[in-house]
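Welcome, and please bring the model up in your viewer. We will go from stop to stop, with something to select at each one.

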Amino acid sequence: MKILLKQDVINLGYAGEVIDVADGYGRNYLLPQGLAVKATDGVLKEADVWRQRAAVRVSEIREENEALSAEISKTKLVFNARAGETGKLYGSITTADIAEKMNQQLGTEIDRRIISSQPLRQLGEHRVTVKLGRDFHPQVTVFIHPLEAQDEEDEEAAVVEAGAEGESVAAAEAMDTTAAAAVAEENDIEDIFVEEEAADTEPDQETILNSELDNVTSTEEDLEPTA
C-alpha cells in the first residue's frame with residue numbers, strides 16, 4: 001500500500017513523504033490513527049505543496065541527524081551495577097536508563113523508543129543502536145562495571161551514619177528531658193525546705209494563747225486600784 005504520511009512516524013518517515021507499507025500495517029494502524037492517508041492521484045495533487053515543505057524539513061532533519069550521529073558514535077556511557085560471579089546483573093540496564101544518561105551527557109531529548117536494544121543484563125562493553133530515522137543508525141558504547149565493594153561499603157556506611165544521627169538526636173532529646181525533670185525535682189525539694197523553715201519559725205497555737213493570756217492579765221493588773 002502506498003500512503004502519504006500526515007505526521008512523523010518513528011522508524012518510518014516524515015510528514016509529507018510517500019511510502020510503501022504493508023497493507024495490514026497501513027489499513028490497521030496508520031490510517032485509523034490518522035497518521036497517513038492513501039496516496040491516490042487526487043491526494044498527491046492536493047498535497048504537492050505540503051510535500052515540498054516536507055522535503056525542506058526532511059533536509060534540515062537529515063543535517064541534524066548527521067551531526068547527532070557523529071556525537072552518539074563518540075559517546076561512552078558508564079553504568080555501575082551489582083552482579084554475580086558470572087557477571088550477570090541482578091537487575092538490568094534498560095533503554096530508559098540509556099536514553100536518560102545519553103540525554104544528560106549530550107543535552108539531547110532522545111526518545112527511548114528509538115533505542116534498539118533489549119535490557120542489558122551482563123557486565124562488560126555493549127554497542128547499542130540508536131535509530132535516527134531511516135538513514136542514520138549510530139551506535140553508542142555502553143560500559144557496565146561491577147559495583148565495587150568500596151562503593152557498597154560507602155552506601156552501607158551512609159545508611160549507618162543516618163541511623164546514628166537519628167539515635168544521637170533521640171539521645172540528646174532524652175538527656176534534655178532528664179535534665180528538665182531533675183531541675184523540677186530540685187525546685188520541689190527547695191520548696192519543701194522553705195515550707196519547713198517557715199513552719200519552724202511560726203509560733204504554735206499554744207504559744208499564741210499564752211501570749212494573749214499574759215496580755216490580759218497585765219491589763220487587769222493595771223486596772224486594779226492601788227491601796
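Before the first selection, a definition: a polar contact here is a pair of N or O atoms within 3.5 Å; within protein, one must be able to donate a hydrogen and the other to accept it, and residues adjacent in sequence count only if both atoms are side-chain atoms. This is a predicted model, in which local features need pLDDT of at least 70 and side-chain atom pairs count only at pLDDT 80 or more, while totals for chains, interfaces and linings use all residues. Residues are numbered from 1 along each chain as its sequence is written, and side-chain values use heavy atoms, leaving out hydrogens and water.

**Stop 1: T129**

Select T129 and Q139 and show their side chains. The two side chains make a polar contact at 3.2 Å. T129 belongs to strand β8, residues 124-130. Helices (H or I, at least four residues) and strands (E, at least two) are DSSP runs, numbered from the N terminus.

Is T129 buried or exposed? Its relative accessible area is 17%, so T129 is buried. The classes are buried for under 20% relative accessible area, exposed for over 50%, and partly exposed in between, with a 1.4 Å probe and protein chains only.

Now widen the selection around T129. Contact means heavy atoms within 4.5 Å. Leaving aside neighbours within four places in sequence, T129 is in contact with I114, I115, S116, H137, P138 and Q139.

**Stop 2: the sheet that holds β8**

Color the strands β4, β9, β8 and β6. These 4 strands form an open sheet in that order, β4-β9-β8-β6, with mixed pairing. β4 (76-81) and β6 (115-116) are the edge strands, each pairing on one side only. Two strands pair if DSSP finds at least two bridges between them.

Zoom in on β6 and β8. They run antiparallel and are joined by 2 bridges. Select I115, and you will find V130 of β8 opposite. I115 is also among the residues in contact with T129.

Which strands does helix α4 lie across? They are β4, β6, β8 and β9 (139-146), and the helix runs at about 130° to β4. Axes are lines fitted to C-alpha atoms, for helices over the stretch in contact, and angles run from 0 to 180 degrees between N-to-C directions.

**Stop 3: a three-stranded sheet**

Move to β2, β1 and β3. This open sheet of 3 strands has the order β2-β1-β3, and its pairing is antiparallel. β2 and β3 (36-38) are the edge strands, each pairing on one side only. From one strand to the next, the twist averages 35°.

Step through the pairs one by one:

- β1 and β2 run antiparallel and are joined by 3 bridges.
- Select I3, whose bridge partner in β2 is I19.
- Select K2, which stands opposite D20 in β2.
- β1 and β3 also pair in the antiparallel sense, over 3 bridges.
- Select L4, which stands opposite V37 in β3.

**Stop 4: salt bridges**

A salt bridge is a side-chain nitrogen of Lys or Arg within 4 Å of a carboxyl oxygen of Asp or Glu. How many salt bridges are there by this rule? The count comes to 4, and we will visit some of them.

Select R57 and D8, whose side chains meet in a salt bridge at 2.8 Å, N to O. R57 lies in helix α3 (residues 48-74) and D8 in the loop between β1 (2-5) and β2 (18-20), so this pair ties together parts that are 49 residues apart in sequence. R57 is partly exposed at 38% relative accessible area, and D8 is partly exposed at 34%.

Stay on helix α3 and select E71 and K74. Their closest N and O atoms are 3.7 Å apart in a salt bridge. Both residues lie in helix α3, 3 residues apart, about one turn of the helix. E71 is partly exposed at 38%, whereas K74 is exposed at 58%.

Finally, select D111 and R113, which form a salt bridge at 2.9 Å, N to O. D111 is partly exposed, with a relative accessible area of 28%, and R113 is exposed at 55%.

**Stop 5: the whole chain**

Zoom out and show everything. The protein chain has 6 helices and 9 strands. Of its 227 residues, 24% are buried. Among contacts between residues at least 6 apart in sequence, 53% join residues at least 24 apart.
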